[in-house]
Amino acid sequence: MTESQVYKSSSSRSTLTFIMRSFILIFISGLSCSISAQPRPCEAPALYVGSLSMTAANGIITSAATYSYDAHAQQIRFRNYMTIFNESISVDLLLLFKQGVMYEIDYSQLSCQKKVLESSFHPTRVPADAVFMGQVILGTTSVPGLGLLTNSWVGEIPEIQAQYMLTFAEFTCVPVSASVFTPQSGWITMSFYNHLLGVQNPQDFIPPFFCPTAAQEENLPKTNFLKAIRAFQ
């Protein structure tokens with residue numbers, strides 16, 4: 001073998017080695033990117049409105065609600081329409097977490113009860129310790145714009161012996177569904193829909209004219225968020 005042939009053979013091996021190393025590097029980099037692309041817990045937009053439906057107590061309790069959510073000012077307007085043992089109950093709540101008060105509103109009677117709100121504000125989000133379960137598309141990908149990419153998460157809340165499964169939209173992080181189990185209440189399932197970003201009606205967060213505003217806090221009844229939205233308790 002001539003010196004020229006040896007040089008060419010050595011050069012070819014070096015080139016091939018370089019190509020293989022480059023391929024391996026690209027593959028590993030791609031794998032690393034794929035692993036790092038796994039969804040992470042997210043937080044919903046600070047301002048939005050939506051609707052939800054809920055089923056609890058093996059279907060004995062059903063409800064449909066609309067709500068306005070403002071994480072900046074820590075306030076929620078929650079209008080809930082429940083059916084319990086074929087009895088209908090309507091609840092209209094204004095929760096002002098920064099002020100620590102809640103208004104229970106009844107427009108049909110022009111009545112309003114003010115209560116001390118003993119709950120701190122918790123933004124709508126996936127808990128930081130939630131475990132990613134999977135990603136699915138709701139709808140179809142056959143037609144552009146008709147599929148919603150969602151992420152599902154599972155976790156536990158040891159303080160109340162609760163287990164949960166949450167589904168949030170991938171790109172907006174608005175809630176899609178939630179299932180929560182506790183030994184005391186069994187399974188509670190919720191579906192969220194009709195979301196619009198932004199606050200559509202700022203009046204939602206202003207107490208009606210017939211609501212008391214000057215009552216002394218120490219004389220007011222006390223409540224928390226869970227008790228407020230579950231008026232049947």
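1. Counting bonded cysteines along the chain, the disulfides follow the pattern 1-3, 2-4. A disulfide is taken here as a pair of cysteine sulfur atoms within 2.5 Å, and the structure holds 2 of them. The model is predicted: local features need pLDDT of at least 70, side-chain atom pairs count only at pLDDT 80 or more, and totals for chains, interfaces and linings use all residues. Residues are numbered from 1 along each chain as its sequence is written, and side-chain values use heavy atoms, with hydrogens and water left out.

2. Helices (H or I, at least four residues) and strands (E, at least two) are DSSP runs, numbered from the N terminus. The torsion about the S-S bond is about 85°, so the Cys-42 and Cys-173 link is right-handed. Cys-42 is partly exposed at 23% relative accessible area, while Cys-173 is buried at 4%. Buried means under 20% relative accessible area, exposed over 50%, and partly exposed in between (1.4 Å probe, protein chains only).

3. The sulfur atoms of Cys-112 and Cys-211 are 2.0 Å apart and form a disulfide. Its S-S torsion is 90°, and the link is right-handed. Cys-112 sits in strand β6 and Cys-211 in the loop between β11 and β12 (222-223), so the pair connects parts that are 99 residues apart in sequence. Both Cys-112 and Cys-211 are buried.

4. The largest nonpolar core has 31 residues, and those with the most contacts inside it are Leu-52, Tyr-67, Tyr-69, Ile-76, Phe-78 and Leu-95. Strands β1 (47-56), β2 (61-70), β3 (75-84), β4 (87-96), β9 (162-169) and β11 (186-197) each supply at least two residues of this core. A nonpolar core is a set of buried Ala, Val, Leu, Ile, Met, Phe, Trp, Tyr and Cys residues joined through side-chain atoms within 4.5 Å. A second, separate core of 9 residues includes Leu-96, Ile-105, Phe-210 and Cys-211.

5. Neighbours within four places in sequence aside, Leu-52 is in contact (heavy atoms within 4.5 Å) with residues including Ala-64, Tyr-67, Phe-78, Phe-192 and Tyr-193.

6. The second largest pocket holds about 220 Å³ of space. Its lining has 13 residues, of which the closest to the centre are Ser-90, Asp-92, Ile-105, Asp-106 and Tyr-107. Strands β3, β4, β5 (101-106) and β6 (111-117) each supply at least two lining residues.

7. Two further residues are worth a look. Pro-41 is in the loop between α1 and β1 and is partly exposed at 37% relative accessibility. Its C-alpha atom is separated by 8.6 Å from that of Trp-153, 112 residues apart along the chain. Beyond four places in sequence, Pro-41 touches Val-126, Pro-127, Ala-128 and Trp-153. Thr-150 is in strand β8 (residues 147-157) and is buried at 0% relative accessibility. With neighbours within four places in sequence left aside, the contacts of Thr-150 include Gly-134, Leu-138, Phe-168 and Val-176.

Key
1 Å grid on protein atoms, 1.4 Å probe; cavity = no way out; pocket = protein on both sides within 12 Å on 5 of 7 lines; lining within 4 Å. Points joined across faces, edges and corners; volume = space filled by probe spheres on them.
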